[in-house]
Amino acid sequence: MVKQHNENGFHYLYENYASALYGVIFRITNSKEASEEVIQDTFLKIWNSIEQYDSSKGRLYTWMINIARNSALDYLKSKNFQNSLKNQSLPDFVYNDTALSVSDNQDFIGFNKILDTLDEDKKQLIDLAYYKGFSQSEISETLQMPLGTVKTKMRNALMKLKDLLKDYR
């Protein structure tokens, strides 16, 4: 139904997945306005590329989460966003804690509870890579850790996370 671009299919996707995708986007952007913009872009990308989804490669939810995550990271790297940061007055930027309070109090997909069970170093790697968009090289520089160690620890963190998520399939 969705792959045929049926309007009911789109409504189904939006009704069932919008809040979870918004949660992921919000965690990356830390901005309600940006998240609203990115969620619209995300659903447009999903709708326009739904034929590319292959159920043999993974779940629809995972495919959509990756689109949402990449859209949010692309937004943060965009020139418009970078310019808006430069033009924002210091007091607004420093005291803007509304995003923090919303993301701490609302866990849209129940993922924070799962992440909290990970060791602190694994949580930090996942946060840097998936929510802040750091490459493994950037993580290596930030944490002052050899690249090979970052790769090994990231692999271990993802394997542990996969193990924790097996009950949610």
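**A chat about loops and helices**

User: Where does Gln 144 lie?

Analyst: Gln 144 sits in the loop that separates helix H9 (136–143) from H10. Please bear in mind that this is a predicted model.

User: And what is its phi, for Gln 144?

Analyst: The phi of Gln 144 is near 50°, which is a positive value in a residue other than glycine.

User: Is Gln 144 buried or exposed?

Analyst: Gln 144 is exposed, as its relative accessible area is 75%; the cut-off for exposed is over 50%.

User: Which loop holds Asn 30?

Analyst: Asn 30 is found in the loop between helix H1 (7–29) and helix H2 (32–48). Its phi is positive, about 55°, although Asn 30 is not a glycine. With a relative accessible area of 38%, Asn 30 is partly exposed, because that value falls between the limits of 20% for buried and 50% for exposed.

User: Changing topic: how many helices and strands are there in the protein chain?

Analyst: The protein chain has 10 helices and 0 strands. Read from the N terminus, the order of elements is α-α-α-α-α-α-α-α-α-α.

User: What share of the residues counts as buried?

Analyst: Of the 169 residues in the protein chain, 36% are buried.

User: What about contacts between residues 24 or more positions apart?

Analyst: Such pairs make up 62% of the contacts in the protein chain that have a separation of 6 or more.

User: At what angle do the axes of H8 and H10 cross?

Analyst: The axes of helix H8 (residues 120–131) and helix H10 (residues 147–165) cross at roughly 100° and come within 9 Å. The two helices, H8 and H10, are therefore roughly perpendicular to each other.

User: Which residues make that contact?

Analyst: H8 contributes Asp 121, Lys 122, Leu 125, Ile 126, Ala 129 and Tyr 130, while H10 contributes Val 150, Lys 153, Met 154, Asn 156, Ala 157, Leu 158, Lys 160 and Leu 161. By class, the residues of the H8 contact with H10 are 9 nonpolar, 1 polar and 4 charged.

User: Lastly, how many residues does H3 have, and which of them are buried?

Analyst: Helix H3 (residues 60–77) has 18 residues and spans 26 Å from first C-alpha to last, close to the expected 26 Å. Its buried residues include Leu 60, Trp 63, Met 64, Arg 69, Tyr 75 and Leu 76.

Technical notes
Residues are numbered from 1 along each chain as its sequence is written. This is a predicted model: local features need pLDDT of at least 70, side-chain atom pairs count only at pLDDT 80 or more; totals for chains, interfaces and linings use all residues. Side-chain values use heavy atoms; hydrogens and water are left out. Helices (H or I, at least four residues) and strands (E, at least two) are DSSP runs, numbered from the N terminus. The expected span of a helix is 1.5 Å times one less than its number of residues. Buried means under 20% relative accessible area, exposed over 50%, partly exposed in between (1.4 Å probe, protein chains only). Contact means heavy atoms within 4.5 Å. Axes are lines fitted to C-alpha atoms, for helices over the stretch in contact, and angles run from 0 to 180 degrees between N-to-C directions. Angles under 35 degrees count as roughly parallel, over 145 as roughly antiparallel, 65 to 115 as roughly perpendicular and the rest as oblique. Ala, Val, Leu, Ile, Met, Phe, Trp, Tyr, Cys and Pro count as nonpolar, Asp, Glu, Lys and Arg as charged, and the others, Gly among them, as polar.
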